[in-house]
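My plan is to go through side-chain contacts and jot down what I find.

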Amino acid sequence: MRMTDIQRCGIRPGRLVEWTLSPRTLDIAAVLPEDVRPPAYIQESHIRTARSVRDDGLFVPTWLGAAFDIPGPVDLDVLQEALRCWTLRHETLRSGFRWTGDAGTPMRRFTLAPEEVSLHREDAGDFPDATRLARHLQDRFDTTADALRWPNLIYTAVVHDDGTSVYMAFDHSNVDAYSLYRIPAEIHELYAAGLTGRAVEHPPVGSYVDFCQAERAEADRIDGTHDIVGRWREFIQRCDGRLPSFPVDLGLTPGGGLPEQRLMREPLVGAADAAGFEAYCRPQGGSLVGILAATALIVHEIGGEPVYRTVVPFHTRTRSRWSQSVGWYVGGAPIEIPVERATDFPSALRTVREALHANRRLSRMPIDRVLRLLGTDFRPTSPDLYSIVSYTDSRDIPGSDRWTDLNAYGLLRVSYGDQVCAWVTRLREGLWFASRHPDTEMAHKNLRLYAERLRDVVTSAAREKGPA
């Protein structure tokens with residue numbers, strides 16, 4: 001899906017309906033015993049960071065969401081049941097955390113049984129103005145899909161004369177991009193089945209709560225002498241004791257407060273150039289390698305750094321049972337690209353391929369576990385630990401052939417942050433670029449230059465004769 005924000009996903013006026021977990025469900029959750037399965041390290045870091053930033057006096061929304069249309073007249077009762085059934089499939093959506101004391105104390109999980117979960121529907125009224133509706137949805141999502149409350153999800157529908165638009169928001173602790181990609185087709189399938197009274201027989205999906213327990217148990221087996229910890233220690237030392245930022249001038253004042261961010265989003269290239277770029281890069285590992293190689297060269301041109309250091313996000317859905325599961329299945333691998341020695345695109349491709357081959361396995365170990373073992377004070381002051389450039393091929397996701405017709409988007413909340421997060425997504429229509437970055441004139445200028453040069457490199461490689 002194209003990544004965008006709530007203001008630019010084609011919102012139209014209509015009657016707004018909202019669903020949250022019912023008061024009965026909240027009453028049951030309030031007295032549930034502890035679920036001994038712990039949070040994932042990435043979940044705990046995210047929630048503790050939100051609390052740390054909040055304690056510093058700043059509210060930083062970090063929700064993600066999905067938007068898509070349902071054509072024709074809508075049966076809200078059937079849609080509600082489709083949303084409920086989908087929620088029940090994914091255990092993490094009915095699981096939350098309690099604090100046992102102040103910010104330094106453990107987080108305790110609780111989990112509702114499927115039969116304890118029901119939804120409450122509220123008619124929020126007519127919104128004849130699309131801009132006001134978008135603002136209202138953002139405010140509702142900010143306060144409801146919040147890392148420091150539970151439940152931290154909300155489903156909405158805007159009813160039009162010719163169809164209905166669905167907007168769903170979740171705190172990031174429960175979803176990643178792959179989770180969002182699967183939502184439109186799954187809700188459509190459940191809704192269509194409900195209209196005809198047909199049951200949908202889905203095979204069981206793996207529980208992200210189980211994954212959290214297994215991943216944490218594996219991570220807790222290592223100590224500070226482990227090779228992975230040593231590799232991260234050396235990488236961070238070469239980053240001057242920090243995790244890497246995007247190595248261009250972002251116009252930030254040292255010691256200043258957390259800046260507001262802005263979103264850049266646009267098509268990068270069409271389907272033919274996306275295919276040509278993949279074909280060119282395939283001998284060296286494909287489009288991910290190509291995007292990182294291009295980035296290394298471009299940021300060297302803009303910022304002059306001799307080595308491009310970054311943390312590359314990889315999914316951690318290493319077993320088939322996690323493939324359809326909703327959760328935050330993401331790890332990171334550090335790489336270093338000495339651009340002074342990789343002076344052109346073919347040599348940069350080879351250098352990136354070698355770095356990923358050597359370091360990808362490091363993404364299987366949660367970085368938050370590594371940081372604890374390093375014994376360094378990494379008290380987070382920003383919702384992003386580091387800048388990223390991410391590449392995802394979404395063409396094999398069920399229902400992706402209908403995303404354009406259904407006006408389907410992945411939603412990003414752009415609020416505050418001093419890092420750059422960029423996403424390049426392979427769609428059937430081509431490559432889509434989205435980035436959030438500090439809202440300064442210098443950052444906007446340099447990110448605009450980065451996107452334009454990235455387009456140039458992709459197009460040039462796509463139309464090049466011969467393999468890389």
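Predicted model: local features only at pLDDT ≥ 70, side-chain atom pairs only at ≥ 80, totals over all residues.

**Side-chain contacts, page one**

I began with Glu-81, which makes a salt bridge to Arg-84, with 2.8 Å between the closest N and O atoms.

I then looked up another bridge within a helix. Arg-453 and Asp-456 meet at 3.6 Å, N to O. Their helix is α12, residues 441–462, and again the spacing is three residues, about one turn. Arg-453 has a relative accessible area of 23%, partly exposed, and Asp-456 is partly exposed as well, at 43%.

Asp-162 and Arg-12 form a salt bridge at 3.2 Å, N to O. Asp-162 is in the loop between β7 and β8, while Arg-12 is in the loop between β1 and β2, so this contact ties together parts that are 150 residues apart in sequence. I have Asp-162 down as partly exposed at 49% and Arg-12 as partly exposed at 34%.

How many salt bridges are there in the whole structure? My search gave 34. I also noted a network of salt bridges linking Asp-35, Arg-37, Glu-91 and Asp-210.

**Rings**

I went on to the aromatic pairs and got a count of 17. In one of them, the ring centres of Trp-86 and Tyr-155 are 6.4 Å apart; the planes stand at 70 degrees, over the 60 cut-off, so I logged the pair as edge-to-face. Trp-86 is in helix α3 and Tyr-155 in strand β7, 69 residues apart, so to speak a link between distant parts of the chain. Buried or exposed, these two? Both are buried.

Tyr-280 and Phe-345 gave me a stacked pair, with 6.0 Å from centre to centre and 20 degrees between the planes. This pair also links distant parts of the chain: helix α8 holds Tyr-280, helix α10 holds Phe-345, and they are 65 residues apart. I found both residues buried.

I wrote down one cluster, where ring pairs link Tyr-208, Phe-211, Trp-322 and Tyr-329.

**Charges over rings**

The charged end of Arg-51 sits over the ring of Trp-99, 4.3 Å from the ring centre. Arg-216 lies over the face of Tyr-41, 3.8 Å from the ring centre.

Key:
Residues numbered from 1 in each chain as written. Heavy atoms only, no water. Phe/Tyr/Trp six-rings, centres within 6.5 Å; stacked < 30°, edge-to-face > 60°. Helix = DSSP H or I, 4+ residues; strand = E, 2+ residues; numbered from the N terminus. Buried < 20%, exposed > 50% of the residue type's maximum accessible area, 1.4 Å probe, protein only. Lys NZ or Arg CZ within 6 Å of the ring centre and 35° of its normal. Salt bridge = Lys/Arg side-chain N within 4 Å of Asp/Glu carboxyl O.
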